[in-house]
Amino acid sequence: MITTITPAQSFEQKAGYVKTNLVSLRSYVVEKRNYLIFKRLFDIVLSLLIIVFVLSWLIPVIAILIKLDSRGPVFFVQRRVGRFGRSFRCLKFRTMVVNEYANTRQATEHDMRITRLGNFLRVSNLDEFPQFLNVLLGHMSVVGPRPHMHADCKKFSSLISHYKFRNMMRPGITGLAQVKGYRGPTRNFESIFHRYQFDAFYIRNANFWLDMRIVRKTAAQTFQILWLKATGKSKRSALPPSAQPQWKGSVKNLN
């Protein structure tokens with residue numbers, strides 16, 4: 001009898017990932033009850049501060065720029081997969097021209113659908129700021145696995161076993177995979193797999209101090225990108241070496 005090893009199984013073996021049943025996986029979240037309550041309180045406080053002191057003026061400014069840049073609505077509202085697989089309406093500033101493939105096709109580098117302003121909003125992560133409203137409503141958290149389109153969630157789940165384990169926590173505006181450099185389109189199987197590994201690692205090891213380190217790292221990367229764009233540096237150098245895609249089953253180097 002010939003046993004065929006799938007690409008996912010091969011990567012799982014290389015990464016030292018041991019499959020466990022879903023009951024065992026669920027325990028990672030159940031055992032963090034107190035942390036999750038505190039995490040929710042933190043989400044409410046931070047999202048309120050951002051909404052009052054940032055979004056109150058940022059939304060009108062960006063809304064005017066979007067309207068001047070291209071036709072269409074200010075916000076892009078898309079159904080995405082939330083905690084326990086529940087669907088929710090995820091908010092973003094619109095970065096593309098209105099098109100029929102917005103809910104099924106990921107944006108790619110040099111995507112013709114992305115507007116001039118949209119490119120800046122995406123690179124600087126400013127397009128994600130309306131999601132603090134999702135955080136306040138309880139759809140999302142400040143830190144957690146990024147929410148997927150339903151089409152992507154279905155596709156990735158067929159490639160990687162237990163992929164929906166990442167849905168056991170509220171999706172986040174930022175996450176461990178993102179500060180490690182895995183942001184933007186998923187170009188190949190490796191990028192899908194490694195993002196999942198970082199998401200799964202985060203859920204298993206989630207704690208308040210890890211959240212604070214991810215928030216601090218995200219803020220530092222965002223300010224650095226804005227500074228590099230303002231000084232005319234190339235897009236390729238926008239992310240520091242520590243944020244380039246890399247697979248390490250640890251957060252010790254998350255300075």
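**A walk through a predicted helical and stranded chain**

Ser157 is found in helix α6. Ser157 is partly exposed, with a relative accessible area of 23%. The cut-off for buried is under 20%, so Ser157 does not count as buried. Leaving aside neighbours within four places in sequence, Ser157 is in contact with Tyr163 and Lys164.

Now take the helix around that serine. Helix α6 covers residues 150–159, and Asp152, Cys153 and Phe156 are buried in it. Seen down the axis of α6, the buried residues fall within an arc of 100°, so they line one face of the helix. What do these buried residues pack against? Their partners are β1 (75–81) and α8 (189–205). The face turned away from the buried side carries Lys154 and Ser158, which are exposed.

Move on past the end of α6. His162 is found in the loop between α6 and β4 (172–174). Phi of His162 is near 60°, a positive value in a residue other than glycine. Most residues other than glycine have a negative phi. His162 is partly exposed, with a relative accessible area of 25%.

Phe84 is found in the loop between β1 and β2 (87–93). Phi of Phe84 is also near 60°, again positive in a residue other than glycine. Is the side of the chain at Phe84 buried or partly exposed? Phe84 is partly exposed, with a relative accessible area of 41%.

Step back to the whole chain. Its secondary structure comes to nine helices and four strands. From the N terminus on, the elements run α-α-α-β-β-α-α-β-α-β-α-α-α. Of the 255 residues, 47% count as buried. The chain exposes about 14,000 Å². Carbon and sulfur atoms supply 62% of that area. Among contacts with a separation of 6 or more, 73% are between residues 24 or more positions apart.

The helix pairs show such contacts in detail. Start with α3 (residues 33–69) and α4 (residues 116–124). Their axes come within 8 Å and cross at roughly 140°. That makes α3 oblique to α4. From α3, the residues in this contact are Ile62, Leu65, Ile66 and Asp69. They meet Arg116, Leu117, Gly118 and Leu121 in α4. By class, the contact of α3 with α4 has five nonpolar, one polar and two charged residues.

Tyr35, Phe38, Lys39 and Phe42 make the contact from α3. Phe208, Asp211 and Met212 make it from α9. By class, the contact of α3 with α9 has five nonpolar, no polar and two charged residues.

Next, α4 and α9 themselves. They pack at an angle of about 140°, with their axes 9 Å apart. That makes α4 oblique to α9. Helix α4 brings Asn119, Phe120, Val123 and Ser124 to the contact. Helix α9 brings Thr222, Ile225, Leu226 and Lys229. The residues of this contact divide into four nonpolar, three polar and one charged.

Asn125 is found in the loop between α4 and α5 (131–137). Is Asn125 buried or exposed? Asn125 is buried, with a relative accessible area of 14%. Not counting residues up to four places away in sequence, Asn125 touches Arg183 and Thr222. Thr222 is one of the α9 residues in the contact with α4. Asn125 and Thr218 are 93 residues apart in sequence and 9.6 Å apart in space, C-alpha to C-alpha.

How values were computed
Residues numbered from 1 in each chain as written. Predicted model: local features only at pLDDT ≥ 70, side-chain atom pairs only at ≥ 80, totals over all residues. Heavy atoms only, no water. Axes fitted to C-alpha atoms, helices over the stretch in contact; angles between N-to-C directions. Helix = DSSP H or I, 4+ residues; strand = E, 2+ residues; numbered from the N terminus. Parallel < 35°, antiparallel > 145°, perpendicular 65-115°, else oblique. Contact = heavy atoms within 4.5 Å. Nonpolar A, V, L, I, M, F, W, Y, C, P; charged D, E, K, R; others polar. Buried < 20%, exposed > 50% of the residue type's maximum accessible area, 1.4 Å probe, protein only. Arc of directions from axis to C-beta. Areas by Shrake-Rupley, 256 points an atom, 1.4 Å probe, with all protein chains shown as cover.
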